[in-house]
Amino acid sequence: MSSIYDILDMRVTNFNIVVATLGGFLSLFGLVSYLLKEKFYLGEALISTVAGVIFSPHAANLLKPLDYAGGDELTLDAITLYFSRLVLGVQLVLAGIQLPSRYLKKEWKSLSLLLGPGMCFMWLATSLLVWGLVPHISFLHALAVAACVTPTDPVLSNSIVKGRFADKNIPRELQRIVIAESGANDGLGYPFLLLPLYLIQFTGEGGAGQTGGAAKAMGYWFGITWGYVIIMSVLYGALVGWLFKEALHWAEERKYVDRESFLIFAITLALFIVGTVGMLGSDDVLACFIAGNTFTWDDWFRLETMDDSFQPTIDLLLNVAIFAWFGAICPWHMFVANDVIPIYRLIPLAILILLLRRPPIVLAMHTKIHQIEEWRQALFVGYFGPIGVSAIFYLYTARDILEGFTVNGVQREDARVLEEVLTVFVWFMTIVSIVAHGLSIPLGKVGWYLPRTLSSLGSRSMSRNSSDGGGSDAAFHVNRGNASAVEVGPTNDRPHQIFRIGRAVIRNPRSLTKSKEREPSSGTQTPKERTAGNGEELREHQAPNPREQEGEPTPDRRSVEQNRQDSAENGEATTPHDEDLGPDTPQHPSALPASPVPASRSVTFANLSSAAPAERDANYTRGRGKKKDDKANRKANKEPIQKQDIRIIGARPMGRNSISAGNGATMEMEGTSAASAEHGHAGGRSDE
């Protein structure tokens with residue numbers, strides 16, 4: 001009987017599963033990519049690694065890396081090595097292109113410090129930690145292990161040189177030096193790795209299977225490693241990058257190249273370098289970085305493609321693919337079940353390496369590196385020396401070399417043990433770095449804002465509790481309702497509220513109107529109505545002024561002539577201010593048309609003043625110059641208020657304020673000074 005697969009001709013093959021899984025993950029990630037990367041500061045490296053673990057044989061079993069390699073672990077290692085080479089090649093060409101014109105030449109002093117003493121210190125410090133915490137390992141083997149994690153990873157470094165966090169917090173020059181260092185030291189990891197490996201090959205196990213001893217090892221290191229691998233790759237990368245630049249210039253001037261081919265030229269340069277240098281057996285990683293920087297030596301290509309998104313798109317695809325692959329092939333079981341490093345030593349070793357591998361040397365040299373302006377930046381740059389794709393690349397490069405340490409066709413025992421130590425240590429450090437550096441910025445943001453948020457909430461809660469306990473100041477409330485007027489009402493006898501809504505200056509009506517218009521005061525509040533600009537009524541409720549009851553003149557009742565005489569005596573301009581104008585004067589604020597107030601809003605002010613009238617007016621007029629007042633008056637008279645807009649220009653006196661707008665918006669504000677009230681209301685705007 002035919003199965004359902006035969007009837008429907010279903011082909012659930014590895015290729016279809018991989019394509020569907022990768023496409024589905026990229027689609028889901030793309031839907032929330034801005035939220036994750038720009039709001040939560042989570043990079044694609046951490047997210048892709050977690051996704052790879054979920055899809056791996058350890059979980060959903062959708063990705064089966066060993067099946068793709070035909071069940072051969074050596075083939076799987078080769079796939080991982082070549083995949084890492086490809087990603088590093090493209091990334092380093094793009095990193096070289098990001099740098100400004102002639103950057104390596106201009107900043108050679110800073111780079112020489114980071115690549116010389118910096119890398120040497122990282123190598124030796126890591127070697128000492130490995131030698132001290134990994135049991136039964138020689139210092140020579142520890143040097144080989146440390147060499148794999150000495151270079152910083154350019155892919156993970158993007159978390160601090162790209163994106164919203166970098167634009168807001170990292171100076172541009174600091175971003176560039178990090179890019180240049182991570183690009184250059186990836187290719188310079190070969191000398192640190194090949195020196196101990198040559199010595200192990202020719203001196204380990206008594207030089208079993210080899211002849212020549214340490215002298216031959218050092219000859220190989222100076223001649224092959226430095227002469228052929230490093231120097232030739234630099235020259236080759238510079239030559240090819242210059243040729244590609246000139247060829248593109250020639251084609252662009254003659255209109256032979258279209259826009260799509262122009263944009264992809266950097267990617268094709270990376271592929272060409274990786275392939276040709278790989279065939280030559282030289283350092284293709286370093287050659288790619290040099291070629292990228294030479295390719296944009298005159299800054300022409302970088303400026304032409306600065307606003308283009310094609311290269312970042314390729315960058316994203318490669319990053320997601322490589323880290324998902326890492327999550328799928330990572331030997332998780334070896335972290336707890338191995339014969340070389342117990343887990344209780346592996347965890348503290350990883351922590352110590354993150355803290356001591358790089359920060360001390362960067363902190364010590366930061367005064368010599370002009371891009372690092374202070375010790376805080378030095379600690380930041382020192383901590384963000386991530387371990388990622390470059391470490392996996394050197395791991396599988398070392399394993400490939402160690403496979404050749406044989407005696408009578410059998411791998412030597414010291415090479416086998418070193419290979420296991422390398423696998424456990426480098427993979428564990430890579431995962432720790434991905435998690436630690438991927439979560440550092442989000443956790444740092446949480447740690448920065450959480451205490452302040454809790455403190456703010458606590459202070460607000462204490463203020464509300466104290467106000468509920470019956471203080472002398474009434475709370476400031478905005479009640480839900482359909483009030484059609486702006487009501488100003490105190491809960492005690494504090495006089496002379498001064499504030500502004502829109503263009504209209506609202507004051508104590510008893511000090512602004514003539515005595516014949518005043519109504520007799522009693523123990524209760526007396527309302528006065530004024531028609532607003534939109535035909536609605538503006539209501540003010542104000543307690544009687546004690547100074548008026550006693551017959552004393554208030555500052556607001558001073559005549560215009562007296563104010564002008566005072567101004568002339570003080571050498572001030574005679575232009576009348578708000579305080580100098582009588583209630584019958586056309587320019588007086590009380591004579592100005594009130595701002596239209598929507599019927600759906602109700603704004604209630606209580607206890608705006610706790611100062612005496614004379615002190616109130618002194619505070620109100622202090623520091624206000626002629627030009628500022630004239631400009632404010634012209635603006636108030638000419639600029640119409642927008643619909644659905646209430647602007648509180650100032651609440652000068654000290655006190656506790658509350659604003660409430662209709663349609664259910666409720667807000668309480670407790671001000672302790674005129675400055676806080678002005679800051680909270682003057683610049684604010686309440687919109688539906």
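**Figure 1. Residues around the centre of the largest pocket in the predicted model.** A total of 42 residues line the largest pocket. Those that lie nearest its centre are Gln 98, Asn 158, Val 161, Lys 162 and Gly 163. The space within the largest pocket amounts to about 1200 Å³.

**Figure 2. Helices that contribute to the lining of the largest pocket.** At least two lining residues are supplied by each of α3 (33-39), α4 (44-55), α6 (73-98), α10 (158-161), α11 (163-169), α12 (172-187), α19 (310-329) and α24 (413-468). Of the contributing elements, α19 gives the most, with six residues.

**Figure 3. The largest cavity and its lining residues.** Four cavities of 30 Å³ or more are found in a search of the whole structure, and the largest cavity has a volume of about 80 Å³. Its lining comprises Gln 91, Leu 94, Ala 95, Gln 98, Pro 154, Ser 157, Asn 158, Val 161, Lys 162, Ile 179, Ser 182 and Asp 315. Two or more of these lining residues come from each of α6, α10 and α12.

**Figure 4. Contribution of α6 to the largest cavity, and the classes of residue in its lining.** With four residues, α6 provides the largest share of the lining of the largest cavity. By class, this lining contains five nonpolar and five polar residues, together with two charged residues.

How values were computed
Residues numbered from 1 in each chain as written. Predicted model: local features only at pLDDT ≥ 70, side-chain atom pairs only at ≥ 80, totals over all residues. Heavy atoms only, no water. 1 Å grid on protein atoms, 1.4 Å probe; cavity = no way out; pocket = protein on both sides within 12 Å on 5 of 7 lines; lining within 4 Å. Points joined across faces, edges and corners; volume = space filled by probe spheres on them. Nonpolar A, V, L, I, M, F, W, Y, C, P; charged D, E, K, R; others polar.
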